[in-house]
Amino acid sequence: MREETPYAYDFLWKQLEKGFSEVRKKRYRILLEKFFNDEELKKRLQKKEDRKGRNYRGGMLEKTASVLSLALCTYDNYPELDIDLIITAIILNGFCSVYTKKECYEKIKDYPELVPFLFRKKRKKPILEVIVFDNLYKFDDKIYKQLKIKRGENDT
């Protein structure tokens, strides 16, 4: 079983920074900067495993970068999506994975439009961007699972 992401951490961080650079709404940029400027938090994310497949050091960072790339491709085909909202939610999902749910909620509670992305129980009605967000994660999980099988790494 793999112990660490096969990707260079610099490459994965560049992917997240690319996503961040696409965010145009100042309100979201200010929120994300708080996370990106916290070096201790970045170290914690870099060590975090993704419990849904990439269960190795750097797995959550790798997954965040992967889903972010899928989101940017989706936006190319559907420009009417609120991509700032989706990108912000994806990046926050990665960073919030190192917090408890309560700690994460405290960080984003002033952004009620982001809460439904990270807290399913807070969803009142589905909005298009939340549906896209959920399905990008499902799509990434399916691709990763099939690649593991193809590589002969089917250990879960």
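Is Lys18 buried, partly exposed or exposed? Lys18 is partly exposed, because its relative accessibility is 42%, where buried means under 20% relative accessible area, exposed over 50% and partly exposed in between, with a 1.4 Å probe and protein chains only.

1. The model is a predicted one, in which local features need pLDDT of at least 70 and side-chain atom pairs count only at pLDDT 80 or more, while totals for chains, interfaces and linings use all residues. Residues are numbered from 1 along each chain as its sequence is written, and side-chain values use heavy atoms, with hydrogens and water left out.

2. Lys18 forms a salt bridge with Glu22, their closest N and O atoms being 2.6 Å apart; a salt bridge here is a side-chain nitrogen of Lys or Arg within 4 Å of a carboxyl oxygen of Asp or Glu. Because the two residues are 4 residues apart in helix α1 (residues 9–22), about one helical turn separates Lys18 and Glu22. Helices are DSSP runs (H or I, at least four residues), numbered from the N terminus. Glu22 is partly exposed too, with a relative accessible area of 29%.

3. A second salt bridge joins Lys63 to Asp50, with the closest N and O atoms 3.6 Å apart. Lys63 lies in helix α4 and Asp50 in the loop between α3 (39–47) and α4, so this pair ties together parts that are 13 residues apart in sequence. Lys63 is buried, with a relative accessible area of 3%, and Asp50 is buried at 5%. Asp50, Lys63 and Asp141 are linked in a network of salt bridges.
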